[in-house]
Amino acid sequence: MNLAEISSDVPLFANDTIIFGVLSVTLALIFYSSSLPRFSKFYSIIPALLLCYFIPSILSSVGLIADKWIDVSATIIHLQSIYGNLDGVTNLHTLKEYAMVNHIKPSEYSQFIGGSNLYYVASRFLLPASLVLLTMSIDLKGVFKLGSKALIMFLTATVGVMIGGPLAILFFKFVAPDILTSVEGTELWKGLSTVAGSWIGGGANQLAMKEQWEVGDSLFSIMAVVDVLVAEVWMVFLLLGVAKSDKIDKYFKADNSSITTLKNKMEKFSLETARVPSFNDFMILLGIGFGVTSIGHLVGDNLSVWIKENAPVLVDFGLGSSFFWLIITATTVGVFLSFTKMKSYEGAGASKIGTVFIYILVAAIGMKMNLNAIVENISLFAIGFVWMIIHVALLFIVAKIIKAPYFFLAVGSKANIGGAASAPVVAGAFHPSLAPVGVLLAVLGYALGTYAAFACALMMKWVS
(Lines give C-alpha, C1' and ligand atoms only; values in the text may rest on other atoms or scores of the structure.)
Protein backbone atom coordinates (compact mmCIF):
# COMPACT_ATOMS: atom_id res chain seq x y z
CA MET A 1 0.00 0.00 0.00
CA ASN A 2 1.33 3.44 -0.92
CA LEU A 3 1.58 6.22 1.66
CA ALA A 4 -0.55 8.48 -0.56
CA GLU A 5 -3.57 6.23 0.09
CA ILE A 6 -3.40 6.76 3.86
CA SER A 7 -5.00 9.70 5.65
CA SER A 8 -4.74 8.66 9.27
CA ASP A 9 -2.20 8.03 12.01
CA VAL A 10 -2.90 5.06 14.28
CA PRO A 11 -6.49 5.64 15.48
CA LEU A 12 -7.59 5.46 19.10
CA PHE A 13 -9.28 2.13 18.33
CA ALA A 14 -7.19 0.02 15.96
CA ASN A 15 -8.68 -3.37 16.82
CA ASP A 16 -11.40 -4.62 14.45
CA THR A 17 -13.38 -6.10 17.32
CA ILE A 18 -13.57 -2.69 18.99
CA ILE A 19 -14.18 -0.85 15.69
CA PHE A 20 -17.07 -3.20 14.90
CA GLY A 21 -18.48 -2.51 18.37
CA VAL A 22 -18.22 1.25 17.81
CA LEU A 23 -20.02 0.98 14.47
CA SER A 24 -22.71 -1.32 15.94
CA VAL A 25 -23.39 1.05 18.85
CA THR A 26 -23.50 3.97 16.39
CA LEU A 27 -26.13 2.19 14.28
CA ALA A 28 -28.11 1.26 17.41
CA LEU A 29 -28.17 4.85 18.68
CA ILE A 30 -29.25 6.16 15.28
CA PHE A 31 -32.19 3.79 14.98
CA TYR A 32 -33.16 4.15 18.64
CA SER A 33 -33.28 7.94 18.30
CA SER A 34 -35.18 7.66 15.01
CA SER A 35 -37.99 5.87 16.88
CA LEU A 36 -38.39 8.70 19.41
CA PRO A 37 -41.15 11.27 18.70
CA ARG A 38 -38.88 14.19 19.68
CA PHE A 39 -36.55 13.39 16.74
CA SER A 40 -39.28 12.77 14.16
CA LYS A 41 -38.87 16.20 12.53
CA PHE A 42 -35.08 15.80 12.38
CA TYR A 43 -35.32 12.39 10.66
CA SER A 44 -37.91 13.70 8.23
CA ILE A 45 -35.13 15.96 6.91
CA ILE A 46 -32.02 13.83 7.49
CA PRO A 47 -32.62 10.13 6.71
CA ALA A 48 -31.24 7.59 9.18
CA LEU A 49 -29.31 5.90 6.36
CA LEU A 50 -27.30 9.10 5.80
CA LEU A 51 -26.27 9.24 9.46
CA CYS A 52 -25.29 5.55 9.33
CA TYR A 53 -22.92 6.56 6.57
CA PHE A 54 -21.77 10.01 7.70
CA ILE A 55 -21.15 9.51 11.43
CA PRO A 56 -18.56 6.72 10.84
CA SER A 57 -16.80 9.08 8.41
CA ILE A 58 -16.63 11.73 11.15
CA LEU A 59 -15.31 9.18 13.64
CA SER A 60 -12.66 8.25 11.08
CA SER A 61 -11.76 11.89 10.38
CA VAL A 62 -11.18 12.72 14.08
CA GLY A 63 -9.00 9.65 14.61
CA LEU A 64 -11.27 7.42 16.71
CA ILE A 65 -11.40 4.68 14.06
CA ALA A 66 -9.89 4.29 10.58
CA ASP A 67 -10.06 2.13 7.49
CA LYS A 68 -6.28 2.21 7.05
CA TRP A 69 -3.50 3.95 8.93
CA ILE A 70 0.26 4.20 9.49
CA ASP A 71 2.24 4.53 12.71
CA VAL A 72 3.75 7.94 11.88
CA SER A 73 6.22 8.20 14.77
CA ALA A 74 7.55 4.67 14.28
CA THR A 75 7.90 5.27 10.52
CA ILE A 76 9.84 8.51 11.08
CA ILE A 77 12.21 6.82 13.53
CA HIS A 78 12.75 3.92 11.10
CA LEU A 79 13.44 6.15 8.09
CA GLN A 80 15.72 8.35 10.20
CA SER A 81 17.83 5.30 11.06
CA ILE A 82 18.26 4.63 7.33
CA TYR A 83 18.52 8.08 5.76
CA GLY A 84 19.73 10.20 8.67
CA ASN A 85 18.29 13.63 9.38
CA LEU A 86 14.51 14.01 8.98
CA ASP A 87 14.19 17.49 10.45
CA GLY A 88 10.78 19.01 9.80
CA VAL A 89 9.09 15.61 9.36
CA THR A 90 6.78 15.56 12.36
CA ASN A 91 3.35 14.44 11.14
CA LEU A 92 1.62 12.44 8.43
CA HIS A 93 1.46 15.37 5.98
CA THR A 94 5.19 16.13 6.16
CA LEU A 95 5.98 12.40 6.08
CA LYS A 96 4.04 12.07 2.83
CA GLU A 97 5.92 15.01 1.34
CA TYR A 98 9.28 13.55 2.39
CA ALA A 99 8.42 10.13 0.94
CA MET A 100 7.27 11.67 -2.34
CA VAL A 101 10.27 13.99 -2.79
CA ASN A 102 12.80 11.30 -1.91
CA HIS A 103 11.02 8.48 -3.79
CA ILE A 104 10.78 6.26 -0.72
CA LYS A 105 9.50 2.83 -1.73
CA PRO A 106 6.42 1.40 0.05
CA SER A 107 8.43 -1.66 1.05
CA GLU A 108 10.51 0.58 3.36
CA TYR A 109 7.54 1.48 5.58
CA SER A 110 4.96 -1.24 4.86
CA GLN A 111 5.55 -2.87 8.26
CA PHE A 112 4.10 0.22 9.95
CA ILE A 113 0.86 0.23 7.93
CA GLY A 114 -2.30 -1.19 9.44
CA GLY A 115 -5.91 -1.38 8.46
CA SER A 116 -9.36 -2.67 9.22
CA ASN A 117 -10.84 -5.71 7.48
CA LEU A 118 -14.42 -4.73 8.26
CA TYR A 119 -15.18 -3.37 4.79
CA TYR A 120 -13.83 -6.55 3.21
CA VAL A 121 -15.97 -8.72 5.51
CA ALA A 122 -19.05 -6.56 4.94
CA SER A 123 -18.67 -6.47 1.14
CA ARG A 124 -17.58 -10.10 0.65
CA PHE A 125 -19.76 -11.83 3.25
CA LEU A 126 -22.63 -9.63 4.40
CA LEU A 127 -23.42 -8.00 1.03
CA PRO A 128 -23.90 -11.25 -0.95
CA ALA A 129 -25.83 -12.78 1.96
CA SER A 130 -28.08 -9.72 2.07
CA LEU A 131 -28.69 -9.92 -1.68
CA VAL A 132 -29.81 -13.54 -1.32
CA LEU A 133 -32.19 -12.70 1.52
CA LEU A 134 -33.56 -9.60 -0.24
CA THR A 135 -34.11 -11.31 -3.59
CA MET A 136 -35.72 -14.44 -2.14
CA SER A 137 -39.08 -12.65 -2.18
CA ILE A 138 -38.47 -10.50 -5.26
CA ASP A 139 -41.29 -9.85 -7.68
CA LEU A 140 -39.27 -10.29 -10.88
CA LYS A 141 -42.17 -9.32 -13.15
CA GLY A 142 -42.63 -6.14 -11.14
CA VAL A 143 -38.93 -5.27 -11.53
CA PHE A 144 -39.13 -5.68 -15.31
CA LYS A 145 -42.22 -3.47 -15.37
CA LEU A 146 -40.10 -0.57 -14.11
CA GLY A 147 -39.47 0.10 -17.80
CA SER A 148 -36.77 1.59 -19.98
CA LYS A 149 -36.23 4.78 -17.99
CA ALA A 150 -34.03 2.91 -15.52
CA LEU A 151 -31.69 1.87 -18.34
CA ILE A 152 -31.74 5.35 -19.90
CA MET A 153 -30.70 6.95 -16.60
CA PHE A 154 -27.95 4.36 -16.13
CA LEU A 155 -26.53 5.09 -19.59
CA THR A 156 -26.87 8.82 -18.95
CA ALA A 157 -24.77 8.36 -15.81
CA THR A 158 -22.14 6.53 -17.89
CA VAL A 159 -22.05 9.32 -20.48
CA GLY A 160 -21.86 11.88 -17.66
CA VAL A 161 -18.66 10.28 -16.40
CA MET A 162 -17.24 9.99 -19.92
CA ILE A 163 -17.69 13.65 -20.83
CA GLY A 164 -17.26 14.98 -17.28
CA GLY A 165 -13.54 14.21 -17.18
CA PRO A 166 -12.60 16.07 -20.38
CA LEU A 167 -14.89 19.01 -19.55
CA ALA A 168 -13.38 19.30 -16.05
CA ILE A 169 -9.89 19.44 -17.57
CA LEU A 170 -11.02 22.08 -20.06
CA PHE A 171 -12.55 24.10 -17.22
CA PHE A 172 -9.34 24.16 -15.18
CA LYS A 173 -7.24 24.71 -18.29
CA PHE A 174 -8.72 28.21 -18.40
CA VAL A 175 -9.49 28.81 -14.70
CA ALA A 176 -6.46 27.30 -12.92
CA PRO A 177 -3.98 25.74 -15.39
CA ASP A 178 -1.39 25.13 -12.65
CA ILE A 179 -3.56 22.29 -11.32
CA LEU A 180 -3.08 20.35 -14.57
CA THR A 181 0.68 19.91 -14.23
CA SER A 182 2.19 16.43 -14.24
CA VAL A 183 2.08 14.49 -10.97
CA GLU A 184 5.07 12.32 -10.18
CA GLY A 185 6.27 12.77 -13.76
CA THR A 186 3.05 11.37 -15.20
CA GLU A 187 0.50 13.32 -17.23
CA LEU A 188 -2.55 14.00 -15.09
CA TRP A 189 -5.07 12.67 -17.61
CA LYS A 190 -3.53 9.21 -17.27
CA GLY A 191 -4.21 9.21 -13.54
CA LEU A 192 -7.73 10.51 -14.09
CA SER A 193 -8.39 7.61 -16.48
CA THR A 194 -8.24 5.26 -13.47
CA VAL A 195 -10.96 7.33 -11.79
CA ALA A 196 -13.08 6.98 -14.93
CA GLY A 197 -12.57 3.21 -14.88
CA SER A 198 -13.67 3.00 -11.27
CA TRP A 199 -16.64 5.33 -11.69
CA ILE A 200 -18.03 3.44 -14.69
CA GLY A 201 -17.10 -0.15 -13.95
CA GLY A 202 -15.30 -0.72 -10.68
CA GLY A 203 -11.98 -1.92 -9.32
CA ALA A 204 -11.19 -4.28 -12.20
CA ASN A 205 -11.76 -1.53 -14.78
CA GLN A 206 -9.73 0.89 -12.68
CA LEU A 207 -6.76 -1.49 -12.73
CA ALA A 208 -7.20 -2.01 -16.46
CA MET A 209 -6.73 1.74 -17.00
CA LYS A 210 -3.68 1.72 -14.71
CA GLU A 211 -2.02 -0.94 -16.83
CA GLN A 212 -3.20 0.51 -20.16
CA TRP A 213 -1.70 3.96 -19.51
CA GLU A 214 1.18 2.83 -17.28
CA VAL A 215 0.10 4.93 -14.30
CA GLY A 216 2.70 4.99 -11.52
CA ASP A 217 1.83 3.56 -8.11
CA SER A 218 2.13 6.93 -6.35
CA LEU A 219 -0.24 8.74 -8.73
CA PHE A 220 -2.58 5.75 -8.76
CA SER A 221 -2.76 5.87 -4.96
CA ILE A 222 -3.62 9.58 -4.96
CA MET A 223 -6.29 9.02 -7.60
CA ALA A 224 -7.73 6.14 -5.56
CA VAL A 225 -8.30 8.57 -2.69
CA VAL A 226 -9.90 11.13 -5.04
CA ASP A 227 -12.08 8.38 -6.51
CA VAL A 228 -13.39 7.15 -3.15
CA LEU A 229 -13.95 10.46 -1.40
CA VAL A 230 -15.60 12.35 -4.27
CA ALA A 231 -17.89 9.36 -4.86
CA GLU A 232 -18.76 9.15 -1.16
CA VAL A 233 -19.51 12.90 -0.90
CA TRP A 234 -21.94 12.44 -3.81
CA MET A 235 -23.50 9.52 -1.99
CA VAL A 236 -24.25 11.82 0.96
CA PHE A 237 -26.30 14.07 -1.32
CA LEU A 238 -27.99 11.08 -2.97
CA LEU A 239 -29.14 9.80 0.42
CA LEU A 240 -30.36 13.26 1.39
CA GLY A 241 -32.45 13.18 -1.78
CA VAL A 242 -34.13 9.93 -0.73
CA ALA A 243 -36.03 11.79 2.00
CA LYS A 244 -37.10 14.38 -0.58
CA SER A 245 -37.76 11.95 -3.44
CA ASP A 246 -41.49 12.78 -3.66
CA LYS A 247 -40.74 16.49 -4.08
CA ILE A 248 -38.01 15.75 -6.63
CA ASP A 249 -40.39 13.49 -8.57
CA LYS A 250 -42.94 16.27 -8.54
CA TYR A 251 -40.34 18.66 -9.97
CA PHE A 252 -39.48 16.12 -12.70
CA LYS A 253 -43.23 15.51 -13.27
CA ALA A 254 -42.26 11.86 -13.02
CA ASP A 255 -44.62 8.91 -12.84
CA ASN A 256 -43.29 6.68 -10.06
CA SER A 257 -46.37 4.46 -9.98
CA SER A 258 -44.44 1.35 -11.10
CA ILE A 259 -42.02 1.78 -8.17
CA THR A 260 -44.85 2.42 -5.72
CA THR A 261 -46.79 -0.60 -7.01
CA LEU A 262 -43.75 -2.84 -6.56
CA LYS A 263 -43.13 -1.55 -3.03
CA ASN A 264 -46.78 -1.97 -2.06
CA LYS A 265 -46.92 -5.47 -3.49
CA MET A 266 -43.82 -6.48 -1.50
CA GLU A 267 -45.16 -4.94 1.69
CA LYS A 268 -48.48 -6.75 1.20
CA PHE A 269 -46.66 -10.05 0.67
CA SER A 270 -44.60 -9.47 3.84
CA LEU A 271 -47.76 -8.83 5.86
CA GLU A 272 -49.58 -11.86 4.42
CA THR A 273 -46.70 -14.22 5.23
CA ALA A 274 -45.69 -12.54 8.51
CA ARG A 275 -45.26 -14.82 11.49
CA VAL A 276 -43.39 -14.83 14.76
CA PRO A 277 -39.97 -16.11 13.68
CA SER A 278 -38.65 -19.12 15.53
CA PHE A 279 -35.06 -20.06 16.36
CA ASN A 280 -35.23 -22.56 13.48
CA ASP A 281 -36.28 -19.79 11.09
CA PHE A 282 -33.27 -17.65 11.98
CA MET A 283 -30.84 -20.56 11.63
CA ILE A 284 -32.32 -21.54 8.26
CA LEU A 285 -32.13 -17.94 6.99
CA LEU A 286 -28.50 -17.58 8.07
CA GLY A 287 -27.74 -20.95 6.48
CA ILE A 288 -29.33 -19.85 3.20
CA GLY A 289 -27.60 -16.45 3.18
CA PHE A 290 -24.09 -17.55 4.07
CA GLY A 291 -24.39 -20.93 2.34
CA VAL A 292 -25.12 -19.23 -0.97
CA THR A 293 -22.34 -16.72 -0.21
CA SER A 294 -19.85 -19.58 0.12
CA ILE A 295 -21.06 -21.00 -3.21
CA GLY A 296 -20.58 -17.53 -4.71
CA HIS A 297 -16.98 -17.41 -3.49
CA LEU A 298 -16.36 -20.91 -4.82
CA VAL A 299 -17.73 -19.97 -8.24
CA GLY A 300 -16.06 -16.55 -8.29
CA ASP A 301 -12.60 -17.66 -7.21
CA ASN A 302 -12.44 -20.48 -9.75
CA LEU A 303 -14.33 -18.96 -12.68
CA SER A 304 -12.36 -15.69 -12.59
CA VAL A 305 -9.07 -17.59 -12.74
CA TRP A 306 -10.34 -19.79 -15.58
CA ILE A 307 -11.44 -16.74 -17.59
CA LYS A 308 -8.08 -14.99 -17.13
CA GLU A 309 -6.24 -18.08 -18.32
CA ASN A 310 -8.53 -19.34 -21.08
CA ALA A 311 -10.63 -16.38 -22.25
CA PRO A 312 -8.64 -13.21 -21.48
CA VAL A 313 -10.75 -11.21 -23.94
CA LEU A 314 -13.60 -11.41 -21.41
CA VAL A 315 -11.50 -9.65 -18.78
CA ASP A 316 -12.15 -6.36 -20.60
CA PHE A 317 -15.85 -6.85 -19.81
CA GLY A 318 -15.09 -7.16 -16.10
CA LEU A 319 -15.69 -10.92 -16.14
CA GLY A 320 -12.25 -11.67 -14.70
CA SER A 321 -13.31 -10.27 -11.32
CA SER A 322 -14.12 -12.81 -8.61
CA PHE A 323 -16.30 -10.17 -6.88
CA PHE A 324 -18.40 -9.85 -10.04
CA TRP A 325 -19.18 -13.58 -10.06
CA LEU A 326 -19.79 -13.56 -6.30
CA ILE A 327 -22.51 -10.91 -6.69
CA ILE A 328 -23.95 -12.54 -9.82
CA THR A 329 -24.15 -15.95 -8.12
CA ALA A 330 -25.78 -14.57 -4.95
CA THR A 331 -28.36 -12.60 -6.94
CA THR A 332 -29.12 -15.45 -9.36
CA VAL A 333 -29.63 -18.01 -6.59
CA GLY A 334 -31.78 -15.51 -4.69
CA VAL A 335 -33.98 -15.00 -7.77
CA PHE A 336 -34.23 -18.78 -8.23
CA LEU A 337 -35.33 -19.20 -4.60
CA SER A 338 -38.07 -16.61 -5.16
CA PHE A 339 -39.83 -19.22 -7.34
CA THR A 340 -39.73 -21.83 -4.55
CA LYS A 341 -41.35 -22.27 -1.14
CA MET A 342 -38.31 -20.49 0.33
CA LYS A 343 -40.07 -17.26 -0.64
CA SER A 344 -42.31 -17.68 2.41
CA TYR A 345 -39.32 -17.01 4.69
CA GLU A 346 -39.92 -13.34 3.96
CA GLY A 347 -42.59 -13.64 6.65
CA ALA A 348 -39.90 -14.79 9.11
CA GLY A 349 -37.83 -11.67 8.48
CA ALA A 350 -35.57 -12.53 5.52
CA SER A 351 -35.50 -8.97 4.17
CA LYS A 352 -35.09 -7.52 7.67
CA ILE A 353 -31.95 -9.58 8.28
CA GLY A 354 -30.72 -8.65 4.81
CA THR A 355 -31.31 -4.98 5.59
CA VAL A 356 -29.30 -5.26 8.83
CA PHE A 357 -26.37 -6.58 6.78
CA ILE A 358 -26.76 -3.69 4.32
CA TYR A 359 -26.59 -1.11 7.13
CA ILE A 360 -23.40 -2.68 8.52
CA LEU A 361 -21.94 -2.35 5.01
CA VAL A 362 -23.03 1.31 4.91
CA ALA A 363 -21.19 2.01 8.18
CA ALA A 364 -18.07 0.24 6.87
CA ILE A 365 -18.20 2.30 3.66
CA GLY A 366 -18.60 5.49 5.70
CA MET A 367 -15.50 4.64 7.71
CA LYS A 368 -13.47 4.75 4.47
CA MET A 369 -14.29 8.45 3.95
CA ASN A 370 -11.67 10.42 5.88
CA LEU A 371 -12.47 14.09 5.29
CA ASN A 372 -8.87 15.12 6.07
CA ALA A 373 -7.76 13.64 2.73
CA ILE A 374 -9.76 16.30 0.87
CA VAL A 375 -7.65 19.06 2.41
CA GLU A 376 -4.41 17.23 1.61
CA ASN A 377 -5.23 16.91 -2.11
CA ILE A 378 -7.53 19.90 -2.57
CA SER A 379 -6.50 20.69 -6.18
CA LEU A 380 -7.11 17.15 -7.42
CA PHE A 381 -10.37 17.00 -5.49
CA ALA A 382 -11.41 20.22 -7.20
CA ILE A 383 -11.12 18.43 -10.56
CA GLY A 384 -13.04 15.47 -9.16
CA PHE A 385 -15.84 17.63 -7.80
CA VAL A 386 -16.25 19.56 -11.07
CA TRP A 387 -16.29 16.22 -12.88
CA MET A 388 -19.00 14.98 -10.52
CA ILE A 389 -21.05 18.18 -10.92
CA ILE A 390 -21.10 17.64 -14.70
CA HIS A 391 -22.21 14.03 -14.17
CA VAL A 392 -24.99 15.12 -11.81
CA ALA A 393 -26.13 18.02 -14.01
CA LEU A 394 -26.54 15.71 -17.01
CA LEU A 395 -28.55 13.27 -14.91
CA PHE A 396 -30.94 15.98 -13.75
CA ILE A 397 -31.35 17.39 -17.26
CA VAL A 398 -32.18 13.99 -18.77
CA ALA A 399 -34.43 13.03 -15.83
CA LYS A 400 -36.36 16.27 -16.31
CA ILE A 401 -36.70 15.66 -20.07
CA ILE A 402 -37.90 12.05 -19.85
CA LYS A 403 -39.72 12.59 -16.52
CA ALA A 404 -37.77 9.84 -14.77
CA PRO A 405 -38.33 9.23 -11.03
CA TYR A 406 -35.51 10.19 -8.65
CA PHE A 407 -35.11 6.48 -7.85
CA PHE A 408 -33.81 5.83 -11.38
CA LEU A 409 -31.46 8.83 -11.20
CA ALA A 410 -29.99 7.78 -7.85
CA VAL A 411 -29.60 4.08 -8.64
CA GLY A 412 -28.38 4.73 -12.20
CA SER A 413 -25.66 7.00 -10.83
CA LYS A 414 -24.51 4.64 -8.06
CA ALA A 415 -24.61 1.62 -10.39
CA ASN A 416 -21.79 3.48 -12.18
CA ILE A 417 -20.11 5.32 -9.32
CA GLY A 418 -19.97 2.66 -6.65
CA GLY A 419 -21.02 -0.46 -8.52
CA ALA A 420 -22.46 -3.57 -6.89
CA ALA A 421 -21.29 -2.55 -3.41
CA SER A 422 -23.16 0.77 -3.32
CA ALA A 423 -26.03 0.54 -5.82
CA PRO A 424 -28.06 -1.95 -3.69
CA VAL A 425 -27.57 0.34 -0.68
CA VAL A 426 -29.07 3.34 -2.47
CA ALA A 427 -31.85 1.26 -4.06
CA GLY A 428 -32.61 -0.36 -0.71
CA ALA A 429 -32.90 3.09 0.89
CA PHE A 430 -36.15 3.50 -1.07
CA HIS A 431 -37.34 0.01 -0.12
CA PRO A 432 -35.48 -3.26 0.62
CA SER A 433 -37.32 -5.01 -2.24
CA LEU A 434 -35.68 -2.60 -4.72
CA ALA A 435 -32.07 -3.50 -3.80
CA PRO A 436 -31.76 -6.09 -6.63
CA VAL A 437 -32.49 -3.34 -9.18
CA GLY A 438 -29.21 -1.73 -8.15
CA VAL A 439 -27.35 -4.99 -8.65
CA LEU A 440 -28.82 -5.58 -12.12
CA LEU A 441 -27.73 -2.12 -13.29
CA ALA A 442 -24.30 -2.43 -11.66
CA VAL A 443 -23.66 -5.57 -13.71
CA LEU A 444 -23.94 -3.45 -16.86
CA GLY A 445 -21.28 -1.14 -15.45
CA TYR A 446 -18.79 -4.01 -15.27
CA ALA A 447 -19.33 -4.71 -18.96
CA LEU A 448 -19.11 -1.09 -20.11
CA GLY A 449 -16.41 0.10 -17.74
CA THR A 450 -13.18 -0.55 -19.60
CA TYR A 451 -14.41 0.65 -23.00
CA ALA A 452 -16.14 3.78 -21.72
CA ALA A 453 -13.15 4.64 -19.51
CA PHE A 454 -10.79 4.16 -22.47
CA ALA A 455 -12.87 6.56 -24.57
CA CYS A 456 -12.92 9.02 -21.66
CA ALA A 457 -9.12 8.80 -21.32
CA LEU A 458 -8.63 9.54 -25.02
CA MET A 459 -10.87 12.60 -24.78
CA MET A 460 -8.97 13.81 -21.69
CA LYS A 461 -5.69 13.35 -23.56
CA TRP A 462 -6.97 15.41 -26.52
CA VAL A 463 -8.06 18.34 -24.35
CA SER A 464 -5.00 18.31 -22.05
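I take contact to mean heavy atoms within 4.5 Å. The model I am reading is predicted.

**Entry: helices H6 and H15**

I looked up where H6 meets H15. From H6, I noted Ser123, Arg124, Leu127, Pro128, Leu131, Val132 and Thr135. On the H15 side, they meet Phe323, Leu326, Ile327, Ala330, Thr331, Gly334, Val335 and Leu337.

Next I checked the geometry. H6 covers residues 118-135 and H15 covers residues 322-337. The two pack at an angle of about 25°, with axes 7 Å apart. Angles under 35 degrees count as roughly parallel, so H6 is roughly parallel to H15. I also noted the handedness: H6 passes H15 in a right-handed crossing.

**Entry: the nonpolar cores**

I turned to the largest nonpolar core, which has 129 residues. Which residues touch the most other members? I found Trp199, Trp387 and Phe407. Helix H11, residues 217-243, gives the most to this core, with 16 residues.

I then followed Trp387. I left aside its neighbours within four places in sequence. Its contacts include Gly160, Val161, Gly164, Gly165 and Ala168. Leu192, Val195, Ala196 and Trp199 are also among them, as are Cys456 and Met460.

I found a second, separate core of 16 residues. Ile70, Tyr98, Ala99 and Ile113 are among its members.

**Entry: helix H16**

I checked the length of H16, residues 350-367. At 1.5 Å a residue, its 18 residues should span 26 Å. Its end C-alpha atoms are 27 Å apart, which agrees.

Is H16 mostly covered or mostly uncovered? I found it mostly covered, with 14 of its 18 residues buried.

Key:
Residues numbered from 1 in each chain as written. Predicted model: local features only at pLDDT ≥ 70, side-chain atom pairs only at ≥ 80, totals over all residues. Heavy atoms only, no water. Core = buried A, V, L, I, M, F, W, Y, C linked by side-chain atoms within 4.5 Å. Buried < 20%, exposed > 50% of the residue type's maximum accessible area, 1.4 Å probe, protein only. Helix = DSSP H or I, 4+ residues; strand = E, 2+ residues; numbered from the N terminus. Expected span 1.5 Å × (residues − 1). Axes fitted to C-alpha atoms, helices over the stretch in contact; angles between N-to-C directions. Parallel < 35°, antiparallel > 145°, perpendicular 65-115°, else oblique. Left-handed = near helix turned anticlockwise from the far one by under 90°.
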